[in-house]
Number of protein chains: 2
Amino acid sequence: MTLFVGLDLGGTQVRAVVAEPAPSGRPRILGDATRATPTTGRPDDVIAELAAGARAALESAGRSLHDVAAVGCAAPGPLDPHRGIVHVAPNIPGFERVPLAESLASLLDGTPVFLDRDTVIAAIAEGMVGAAHGERDYVYVTVSTGVGGAIVSGGRMLRGATNTAGEIGHWPVGLEGPRCGCGSFGCVESFAGGRNLAQQFGSRDAGDVFRAARGGDERAKALVARSEAALAALAIGLVNGLNPSVIVVGGGITEHEPQHVLEPMRRGIRERALRVPAAVAQVVPAALGPDVGMVGAVLSAQERVAGRGSWFA
Amino acid sequence: MTLFVGLDLGGTQVRAVVAEPAPSGRPRILGDATRATPTTGRPDDVIAELAAGARAALESAGRSLHDVAAVGCAAPGPLDPHRGIVHVAPNIPGFERVPLAESLASLLDGTPVFLDRDTVIAAIAEGMVGAAHGERDYVYVTVSTGVGGAIVSGGRMLRGATNTAGEIGHWPVGLEGPRCGCGSFGCVESFAGGRNLAQQFGSRDAGDVFRAARGGDERAKALVARSEAALAALAIGLVNGLNPSVIVVGGGITEHEPQHVLEPMRRGIRERALRVPAAVAQVVPAALGPDVGMVGAVLSAQERVAGRGSWFA
């Protein structure tokens with residue numbers, strides 16, 4: 001009963017780890033498993049795969065569910081972390097109004113399952129053992145296929161009225177612009193999200209756009225410049241609106257193209273944010289990389305079981 | 001010792017009320033006074049005028065400082081509400097690094113003075129006895145000479161690392177645009193703030209711009225349309241980013257031109273915000289009008305003295 005399972009439900013992969021709490025704070029990973037996210041359109045198939053992933057990770061660690069105190073699960077939002085229900089996961093066909101925590105618990109012999117949004121889970125992890133360690137006012141931003149985030153203010157996770165707070169990728173930063181996947185326009189994500197960038201350029205992924213820009217392609221350069229301007233606007237807005245001491249930036253695009261993400265955000269704050277909040281705001285890369293979802297899910301479950309989860313509950 | 005003084009320090013006027021707590025929650029005003037804000041560039045002159053305003057309001061109520069439990073004071077930010085220091089009040093010449101609470105208390109025979117930002121004070125008032133009564137997740141927005149606000153999430157005032165959180169008027173909503181008073185561009189205030197609107201049109205105040213737009217002036221119509229687009233973007237961003245149940249909108253422009261403020265915000269949310277947070281977000285006019293600063297200052301002092309001020313402290 002001393003281990004925790006961390007699950008990360010994504011649009012293409014289901015990932016699982018088994019971990020034990022460590023004195024350093026960062027859980028020690030004992031086993032892991034990765035499986036493809038079913039695209040059958042049946043939520044039960046996805047939940048079964050999550051359960052299978054958990055069991056496979058346990059097997060790879062030579063342990064069983066008897067050793068597990070709780071399961072943490074990161075999933076795309078919007079969702080209800082208290083009741084463990086996913087309202088809708090736009091990247092997983094048919095995944096609507098799914099009582100994920102309860103269904104998964106019943107497939108895992110009743111082991112308690114704690115569900116939370118992937119970006120919230122990432123913010124918990126970065127705050128507890130990552131780049132925002134010890135901070136009480138920070139924002140986690142992911143710049144990847146999409147742009148998302150989570151906000152911690154005064155030592156508490158912002159939840160909002162129906163638990164969707166932190167969806168800062170859909171904060172409009174342009175008065176006009178191309179249509180975003182969310183149906184609006186002008187969102188940060190419409191300019192800086194990988195899927196939108198690739199679509200606007202007509203390529204397979206955002207990496208092609210950055211490569212073409214480096215090769216001198218004018219259209220790619222313009223898209224990259226506009227993405228940088230949107231990320232700068234987001235950073236300025238976060239600093240002026242929320243006065244964080246740290247903005248932690250993760251996600252695939254940040255990892256591969258930091259100079260097109262972190263640098264424009266820092267420059268924007270330096271040159272254009274209000275003086276008092278700008279003086280304390282640092283933009284730093286995420287510390288936990290692509291495993292943040294699983295590590296955060298473990299930490300989140302660990303904290304809830306220990307009764308220390310009130311700051312993000 | 002049952003009365004409270006509420007002070008509102010503005011760029012042109014110092015206003016004061018004396019009030020007593022009432023069972024309805026909304027304090028009963030017993031006397032008031034209004035004085036011009038000194039423009040001598042000496043903070044001491046401004047503080048002396050605040051003290052004189054407090055005494056004049058007491059005199060008009062036939063009461064004295066002996067009857068006063070505490071003084072609340074709303075002031076432009078950025079400021080430190082815990083230490084009672086104004087960092088800088090951009091609209092009051094020379095008002096920088098002023099220990100306002102302490103200096104004012106000493107001019108008022110040691111009566112405790114509680115200082116807070118004008119928009120935070122307004123949010124406290126709207127939450128306690130106004131348009132956000134009973135709400136735990138709401139945003140107060142003022143659209144006036146400038147655009148500002150304050151954020152309440154999970155029943156707590158967002159303060160940020162150095163107490164400037166809520167300055168949402170300087171959230172960029174345009175990737176380009178005219179220079180804002182803050183030195184940046186693209187801010188909500190650069191498009192929708194009264195001073196900027198008037199300046200861009202070349203008139204004395206924003207009222208002229210709205211009048212000219214009604215009269216068919218094309219340049220005025222374009223400025224008003226852009227202001228509406230910026231306010232819609234702000235509303236969408238607030239809903240997506242913070243998931244409030246209510247956005248309370250006050251300020252002079254909102255009072256005089258509600259159809260150019262409230263309506264575009266509502267339409268923006270309805271047409272472009274994410275579905276789950278949009279479903280619960282209402283945009284409502286402020287309930288307390290131009291007296292919100294003084295009423296809120298009274299309420300804020302009242303709550304702090306009663307030990308109930310932790311939600312906004």
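Q: How do you know which way strand 2 of chain B runs beside strand 1 of chain B, parallel or antiparallel?
A: Six bridges join strand 1 of chain B to strand 2 (residues 13–20) of chain B, and these strands run antiparallel. One residue of strand 1, B:D8, stands opposite B:R15 in strand 2 of chain B, and the two strands form a hairpin with three residues between them.

Q: Why is strand 1 of chain B called largely enclosed?
A: A residue is buried if 20 or more other C-beta atoms, placed from the backbone, lie within 10 Å of its own, exposed if 12 or fewer do, and partly exposed in between. Seven of the seven residues of strand 1 (residues 3–9) of chain B are buried, so the strand is largely enclosed by the rest of the structure. B:L3, B:V5, B:L7 and B:L9 point one way and B:F4, B:G6 and B:D8 the other, and all are buried.

Q: How do you know that the span of helix 3 of chain A agrees with its number of residues?
A: The expected span is 1.5 Å times one less than the number of residues. For the 12 residues of helix 3 (residues 118–129) of chain A this should be 16 Å, and the end C-alpha atoms are 16 Å apart, which agrees.

Q: Why can the copies be said to meet through the same surface?
A: Two residues are in contact if their C-beta atoms, placed from the backbone, lie within 7 Å. The contact takes 41 residues from chain B and 43 residues from chain A. Because 100% of the interface residues of chain B are also interface residues in chain A, the copies meet through the same surface.

Q: How should the numbering and the limits of the model be read?
A: Residues are numbered from 1 along each chain as its sequence is written, while chains are lettered from A and ligands numbered from 1 in the order in which they are written. As the model is predicted, local features need pLDDT of at least 70 and side-chain atom pairs count only at pLDDT 80 or more, whereas totals for chains, interfaces and linings use all residues.

Definitions and conventions: Helices (H or I, at least four residues) and strands (E, at least two) are DSSP runs, numbered from the N terminus. Two strands pair if DSSP finds at least two bridges between them.
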